[in-house]
Amino acid sequence: MTWHWPAVLAAVATQLAPVTAAAPNTIAPEVAPVPEIDIIALEMERYRRMTVPVTIGGEGPFLFMLDTGAEATVVSRDLADRLALNDRKPAILIGMASRRPVETAAISDFGLGSRTFYIRNAPVVESANIGGADGILGLDSLQDQRVLIDFVNGQISVADAEELGGNRGYEIVVKARQRLGQLIITEARLDGIRVSVVVDSGAQNSLGNPELFRRFRRARHVGESEVTDINGQVMSGMVKLGSELNIGRARLQNIPIMFADSPTFAALGLADKPAIILGISELKLFQRVAIDFKTRRVLFDLPPESRLAGRDGVSVFR
């Protein structure tokens, strides 16, 4: 049995590093506080990736893939050339499978809903490597906000947590730690193995690191898989089936995981401990998922078909 995951979804944990030993470029946007809640309809495109409309310099809308695992907002070369984003600098882009030199472009008027950002260094990548999307909406555009992904109604909301109703309606609220803008859940277990979890809306499926593979030898082998990362580099790996992933009180059943030595794990400080990047196939098992960067919380709204699995948890089935 052979698994072929879509190439577009390999931009799982896009990281940006400087070319030289100089201090890395700051990619945090300048965001003016706006009280309104931005509710943006999601387009569930081919391969179930999620895109949102953005504007640049008043033009658009352009479709950017929402990727909570990407440190930097990315723009396609076609769009950067079309909009004459010519203020470019060299950098190193860390993708799922590779580190490559790229150009970055400054975007002075990047609009998401009612918010306008300044993106100092957006990596410029080939459109084919992001599935023909116009770009990727990364963590530099989402800091200090809550991102609410509503799978039932097919929309996302970006605002302060209180403006989105606080924690009401979520059965499970999990603390996370932050590194390079990413929220990493450390209190999770996969088949009894303590594991760090990165919630990544830009990945279709889940990816495990070599340290998890080493402790996961008895899991059932279900095939091989390959992905092409944001730099166009192909990465392949074995796919095993996890019986149960425990995140807080939620118990996710039967999770296929591809294993590979991705540089993403090292960039996040997760190379020497069991870790998994949790993709959209697993996130869609919930009705809603909220990622609160300001308070470092990840919140899950369980589907109605979830059944009680003892006093300490609920099971979520495919």
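A nonpolar core is a set of buried Ala, Val, Leu, Ile, Met, Phe, Trp, Tyr and Cys residues joined through side-chain atoms within 4.5 Å. Buried means under 20% relative accessible area, exposed means over 50%, and partly exposed lies in between, with a 1.4 Å probe and protein chains only. The model is predicted: local features need pLDDT of at least 70, side-chain atom pairs count only at pLDDT 80 or more, and totals for chains, interfaces and linings use all residues. Residues are numbered from 1 along each chain as its sequence is written, and side-chain values use heavy atoms, with hydrogens and water left out.

**Stop 1: the cores**

Select Phe64, Phe110, Ile185, Ile247 and Phe300. Of the 61 residues in the largest nonpolar core, these five touch the most other members. Strand β20 (residues 250-259) supplies the largest share of this core, 5 residues. Helices (H or I, at least four residues) and strands (E, at least two) are DSSP runs, numbered from the N terminus. Next, pick Met96, Ala260, Leu268 and Ala275. They are among the 16 residues of a second, separate core.

**Stop 2: strand β20**

Show residues 250-259. Why is β20 largely enclosed by the rest of the structure? Because 8 of its 10 residues are buried.

Two strands pair if DSSP finds at least two bridges between them. Strand β17 (residues 206-208) runs parallel to β20, joined by 3 bridges. Find Leu207 here: Met258 in β20 stands opposite. Strand β19 (residues 234-247) pairs with β20 in the antiparallel sense, over 9 bridges. Here select Met238, whose bridge partner in β20 is Phe259. Then go to the turn. The hairpin of β19 and β20 has 2 residues between the strands, and Gly248 takes a positive phi near 60° there.

**Stop 3**

A pair of aromatic rings is described by the distance of the centres and the angle of the planes. Rings of Phe, Tyr and Trp (its six-membered ring) pair if their centres lie within 6.5 Å; planes under 30 degrees apart count as stacked, over 60 as edge-to-face and the rest as tilted. The whole structure holds 5 aromatic pairs.

Start with Phe64 and Phe110. Their pair is edge-to-face, 5.4 Å centre to centre with 75° between the planes. It links distant parts of the chain: Phe64 sits in strand β5 (residues 59-66) and Phe110 in strand β8 (residues 99-112), 46 residues apart. Phe64 counts as buried because its relative accessible area is 0%. Phe110 is buried too, at 0% relative accessibility.

How do Phe110 and Phe117 pair, stacked or edge-to-face? They are stacked: 6.3 Å centre to centre, 15° between the planes. Phe117 is buried, as is Phe110.

**Stop 4: around Phe300**

Select Phe300 and show its contacts, meaning heavy atoms within 4.5 Å. Leaving aside neighbours within four places in sequence, Phe300 is in contact with Tyr170, Glu171, Ile172, Val174, Ile185, Ile247, Phe286, Arg288 and Val289. Keep Tyr170 and Arg288 on screen. A charge sits over a ring if NZ of Lys or CZ of Arg is within 6 Å of the ring centre and within 35 degrees of the ring normal. Arg288 lies over the face of Tyr170, at 4.2 Å from the ring centre.

**Stop 5: backbone exceptions**

Most residues other than glycine have a negative phi, and most peptide bonds are trans.

- Pro61 lies in strand β5.
- Asp191: phi is near 50°, a positive value in a residue other than glycine. Asp191 lies in the loop between β15 and β16 and is partly exposed, at 34% relative accessible area.
- Arg296: phi is positive, near 60°. Arg296 lies in the loop between β22 (288-292) and β23 (297-301) and counts as partly exposed, at 40% relative accessibility.

**Stop 6**

Select Gly192, in the loop between β15 (182-190) and β16 (193-199). Gly192 counts as exposed, at 55% relative accessibility. Its C-alpha is separated by 8.6 Å from that of Asn246, 54 residues apart along the chain.

End on Ser127, in the loop between β9 (115-125) and β10 (135-137). Is Ser127 buried or exposed? Buried, because its relative accessibility is 14%. Not counting residues up to four places away in sequence, Ser127 touches Ser76, Asp78, Gly132 and Ala133.
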